[in-house]
Structure formats: structure tokens, C-alpha cells
Amino acid sequence: MNPVRYEDYRPIERPSYREEMEAVIAQVARRTRASVERETVGRAVRTAHGKTYGLLKATVTVGDNPGFYRQGIFARPTAYDAVVRYSNGLGHDRPDHQLGAACGMGIKLFGVDGPSLLDDERDSGTFDFNLINNDVFFANTAYDYMVIEDLFAELPEALVDPARRKTWMAEFLTRRMTLTDPDTWLWDELLAMLSFTGVPRRNLLSYSYNSMGAFRYGDHIAKIRTVPTAASLASITQQIVDVRADNEAFRRTLVAEAAERDHSFELQVQLNTDLTRMPVDNTSVKWPEDLSPWVTVARVDLPRQAIDGYDNLAAADATSITPWRTREDHRPIGEIQRVRQEVYRRSSIERHRINGQERREPAGSAELLG
């Protein structure tokens, strides 16, 4: 295998990017403020990953990785104190049957050496992975994100209503009719979005979770995912998530399973070996595994624990997870990753301000979970 060198990647620079980026930030700020009234839960809600399912103590153990995989924080064996936050991908806090099955796994490591890429917390010592239970994303530019984020505010109702479903998908495909040439329509993005509708509702501990976007991986480029270990997956007894019978099915099965036994994931990377067939700037295209396999570089262990209290949900809601809380050796790359940098930061600032929450990175899992 011959991985692509990070220095050989050339980002796409569009002249309209900065203007579109400011429009996205303003739109997300408006929706964050409006969420207090819209969601009726007494606080501002994230415009994505609005419903939290729980926060768990974890340990992330880096292995003795070979060759190309010995990069950045994965360069030498070590163990990190960590927490894992589970959430629903939509920007609503509603009963589970009114939400989709797209769910997130956010991992926060503590005590990581080096300056963070977030300028306002350079010395925090924290490092985040922002993952979701699908391997492709549905937006690739700031302008797409702005249009699609607005359309996603209508979900899941828009896809349930037969009449609105057709017009909604047409608006998605054509950027609300601004793309007149079918060759420019967002086919990859639409197919990526529709792939989320096929995600089954299962125990949150049974999914694989993916970065979808690409990252610098030291000298190379990679994507990141977690996969439950075979033993952990086989041990799950609360497999079924019945959202019709239980409005809080995702949380209740997570709480029950976490209290019964330990669970574990393999943290894996897929190195980029072909910038054409494994595009960095199109996150709607899955990278072929026959070009580059997933390789385990660390393990995420969740010890048996009680997360059933309201204080756990409060701690989870206050915990910020962003792919830019990282180090230079793992810099997110691609336009949609740059969009996330400022959108996540500004959204977090606005939400914490409205909710009266202190916006500060914790020093360790005990500060959050005792």
C-alpha cells in the first residue's frame, strides 16, 4: 500500500466561501436562539445532535501501531482518560419516534499533549472525535450546508408527508431550484442523505461510528471510525430499540446495557491511497476498502457504570464535541470540515450563553461524572 502524502493534497478554494460561511454562521445562530421556543424544553438545543442519550466514562488505549499508522497521538502506546457522549443526529429534543436513527458518538480524550487547533482553548489538553453511525455525509460546501441545514429543520416530518417528501427531495437535489443543469445536481449528497433512512434502530452500543470527513493523519490522510469488538457486540442483550413502544428507547437501552457489563470498541483508521477514488472534498462518496483497509490503532473501553440520573444528561448536554478540538497532526481537511470549525464553535458559544452554562473544557472524566 502507498498512502497519499498530506503535503500532496491541495484544498479547493472557492471565492464565495467566506461570504457563504458567514451566512451559515448567522443562520445557525438564529436557529439556536429560536430553539428555546421551538423545542419547548426550557433551553437552547443544538441545531444538530440536539437530543442527548448519555455520557459515559471511558479509557482510550493506543496500541503499538505499525509503520504508516504510527502517527500523531497514535505514534506510541499510551492510555487516555476519556468520556463518550451519545446523541441523536437531528436538531430536535423530542420523543425517539419523532426522530431518525442517525445517532452520534462523541469521544473526548483528556491529557493530550500539544496545543489545540481551537485558538480560545489552546492549552485545554482535550481532544475530540465527532462520529456518526453512517459512513457518508450529505453536504460538501458552505452553501450546500446552509441550504441543507434549513431543509433539515423540517425533518423528520417532511419525509413522512408523501406530498412534501417529493418537493423536499427536489429542493435538496437542486439547492432549492438554484441548480438548473442536471450535471450539477447534488446526486451524491442526496444518495448519502437517503442512506441515513436505511439505518436500523439498534442499541447505541452496537453501531459502528464514522468521521465521514477526512483528517490529516501525520504524514498522511485518513478517516476514522469505531467498531464494537466482537465480544462486546455479542454480549449486548438489549439489542432492540422499539421507539413506538418507548419514547425514550435509545436512552433506556443504553442505560440498561451500560449498567450490566463492560463494553468496548476498536478505533480504526483508513488511510487515503488515491485522491481521485477516495475524494477528500466529497464526503458523500464512501472510500473503497479494497483500496485501503480499516486498521485498528486504539481501543475504547467503557466500564460498567450507572448513567441513569438526570445529572448525567445535564453533564452530557453541557459537553462540547467538535472535530477541531484536535492537534495539527490530525487537522480536519476539506471544505465541509472547515465549515464545522466555526459553525460548531459559534453555535456552542451561543447555546452556552442562552442556557447560562459555563463554557470551559473539563480536566478529566471525574470532573464530569464524579
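Rings of Phe, Tyr and Trp (for Trp, the six-membered ring) pair if their centres lie within 6.5 Å; planes under 30 degrees apart are stacked, over 60 edge-to-face, and the rest tilted. The model here is predicted, so local features need pLDDT of at least 70 and side-chain atom pairs pLDDT 80 or more, while totals for chains, interfaces and linings use all residues. Residues are numbered from 1 along each chain as its sequence is written, and side-chain values use heavy atoms, leaving out hydrogens and water.

**Exercise 1.** Classify the ring pair of Y53 and F250.

*Solution.* Start with the whole structure: a search turns up 12 aromatic pairs. For Y53 and F250, the centres sit 5.3 Å apart and the planes make 40 degrees, so we call the pair tilted. (Helices, H or I of at least four residues, and strands, E of at least two, are DSSP runs numbered from the N terminus.) Last, check burial: both Y53 and F250 are buried, meaning under 20% relative accessible area with a 1.4 Å probe, protein chains only.

**Exercise 2.** Find which residues ring pairs link into a cluster, then look for a charge over one of them.

*Solution.* Step one: the cluster is F137, F138, F152, W168, F172 and F196. Step two: R340 lies over the face of F137, 4.7 Å from the ring centre. That label needs NZ of Lys or CZ of Arg within 6 Å of the ring centre and within 35 degrees of the ring normal. Elsewhere, R338 lies over the face of Y17, at 5.0 Å from the ring centre.

Key
Buried means under 20% relative accessible area, exposed over 50%, partly exposed in between (1.4 Å probe, protein chains only).
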